[in-house]
Amino acid sequence: MNCSQLHERIPDYLAGSLAPAAHAEMETHLAACANCREEVTSLAGTWAQLGTLPQEQPSPALRARFYAMLEAYEQGLQREPSRRERFNAWLARWWPKQPAWQLAFAAAFMLVGIFIGGRITAPSRNAGEIAQMRADLQSMQQTVALSLLQRSSPSDRLAGVSWVNQMQSPDHEVLELLLQTLNRDPNVNVRLAAAEALGAYGNEDLVRQGIVAALPRQTSPLVQIRLIKLLVELREKSADTALQQLMQNEQLNQEVRKQAEIGLKELY
């Protein structure tokens, strides 16, 4: 069983409805795959919370509507699908299965819709309604970014950094997580992307101080050089001590030491 096959069986696994052989396959894969094990553990918590919800009893009116819809559905099965229905079926095959990516796609479509809708109905749309839509979009972007930045896949974390780039004014929770990514992410490309994203919010004291503190912790020459140049661009003179330490460290990459010296001169 591979990861994709396991993801399709997660609902049945959590519901306890898998056949014994399939259940054993799931357990074997989970024991060997940390990523799948983490995802199943996370979903299991949500599944347990859903089980605590009180059971709703349908009203007579709801039952009548259900049977009316069922009859309409059965009639619909007897006719050829429309062009729109064929398109929806095609789209469903391409729609991502992971919740974080579903939310990301939904936010992207919402962004496009707001842009087009603003162009078409700008004269008649209430300004307060537009402001509320933008606030909702900002909240959705933040949710997507936070979710992706904490995933195990480097490509997902890169996507999370990309979502931060699309935000006009990320709050401190997002910026702090981006700084943690810069300091702790094991992937150099993700750390570089985080550094680039943080540069756009250099007017924030949290970001400026965070970049200064991150510089001595870096081990990749690429990230060190990018942070040095970024601090120079921000004219952050509080970085002089960190730059002097880099410049005097004979064990560092020569290009890093050279850039630290150049940066120190440009700050003054």
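User: Why is Phe-66 called partly exposed?

Analyst: Its relative accessibility is 48%, and partly exposed is the band between buried (under 20% relative accessible area) and exposed (over 50%), using a 1.4 Å probe and protein chains only. So Phe-66 counts as partly exposed. This is a predicted model, where local features need pLDDT of at least 70 and side-chain atom pairs pLDDT 80 or more, while totals for chains, interfaces and linings use all residues. Residues are numbered from 1 along each chain as its sequence is written, and side-chain values use heavy atoms, leaving out hydrogens and water.

User: Thanks! What makes Thr-181 buried?

Analyst: Thr-181 has 7% relative accessibility, so it counts as buried. Around it, Thr-181 touches Leu-149, Val-190, Arg-191 and Ala-194, leaving aside residues up to four places away in sequence; contact means heavy atoms within 4.5 Å. Its side chain also reaches the backbone oxygen of Leu-177 at 2.9 Å.

User: Why is Arg-235 partly exposed?

Analyst: Arg-235 has 44% relative accessibility, so it counts as partly exposed. It lies in the loop between α12 (221–233) and α13 (240–248), and its phi is near 55 degrees, a positive value in a residue other than glycine.

Notes. A polar contact is a pair of N or O atoms within 3.5 Å; within protein, one must be able to donate a hydrogen and the other to accept it, and residues adjacent in sequence count only if both atoms are side-chain atoms. Helices (H or I, at least four residues) and strands (E, at least two) are DSSP runs, numbered from the N terminus.
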